[in-house]
Amino acid sequence: MARPKKETPAKAPLAAAVEAVKEVAAKKTQTTEEKVYLQAGGSEWDISDCKERAVAAFAAEGHKASSIKKLVVYIKPEEGKAYYVVNDTENGSIDL
């Protein structure tokens, strides 16, 4: 004689709430595309990635990117450059 299958109880309210929170968190972690443009003097530059490019330039000079505690980027459209200062001591520039 076959045993009847036990019915699984409906999810407890707390478990259902936890699942709902997980779904909302998963939706919020989706990335959004962001672009930042600078327009001046009849020219336009995409400066969305200036921070990453400044870090890459700093690392290309032989420094460790993990050593950056403070990064400041100055945009100078009249020169077509972005200047950066790392940890108040090291500096450099990148082309826009």
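I looked up Asp88 first: at 56% relative accessibility, Asp88 counts as exposed, over the 50% cut-off. The model is a predicted one.

I then checked the salt-bridge partner of Asp88. Asp88 pairs with Lys70, and the closest N and O atoms are 3.2 Å apart. I placed Lys70 in the loop between α2 (50–60) and β3 (71–76), and Asp88 in the loop between β4 (81–86) and β5 (90–95). The two residues are 18 residues apart, and I noted that the pair links distant parts of the chain. Lys70 counts as partly exposed, at 40% relative accessibility.

Next I asked how many salt bridges the structure holds. I found six.

One of these is between Asp46 and Lys35, with the closest N and O atoms 3.4 Å apart. Asp46 lies in strand β2 (residues 43–46) and Lys35 in the loop between α1 (13–28) and β1 (37–40), so this pair ties together parts that are eleven residues apart in sequence. I looked up the accessibility of both. Asp46 has a relative accessible area of 29% and is partly exposed; Lys35, with 46%, is also partly exposed.

I turned to Glu78 and Lys76, whose side chains meet in a salt bridge at 3.8 Å, N to O. Is Glu78 buried or exposed? I recorded 62% relative accessibility for Glu78, so Glu78 counts as exposed. Lys76 is partly exposed, with a relative accessible area of 30%. I also followed the shared partners here: salt bridges join Lys76, Glu78 and Glu79 into one network.

Methods. Residues are numbered from 1 along each chain as its sequence is written. This is a predicted model: local features need pLDDT of at least 70, side-chain atom pairs count only at pLDDT 80 or more; totals for chains, interfaces and linings use all residues. Side-chain values use heavy atoms; hydrogens and water are left out. A salt bridge is a side-chain nitrogen of Lys or Arg within 4 Å of a carboxyl oxygen of Asp or Glu. Helices (H or I, at least four residues) and strands (E, at least two) are DSSP runs, numbered from the N terminus. Buried means under 20% relative accessible area, exposed over 50%, partly exposed in between (1.4 Å probe, protein chains only).
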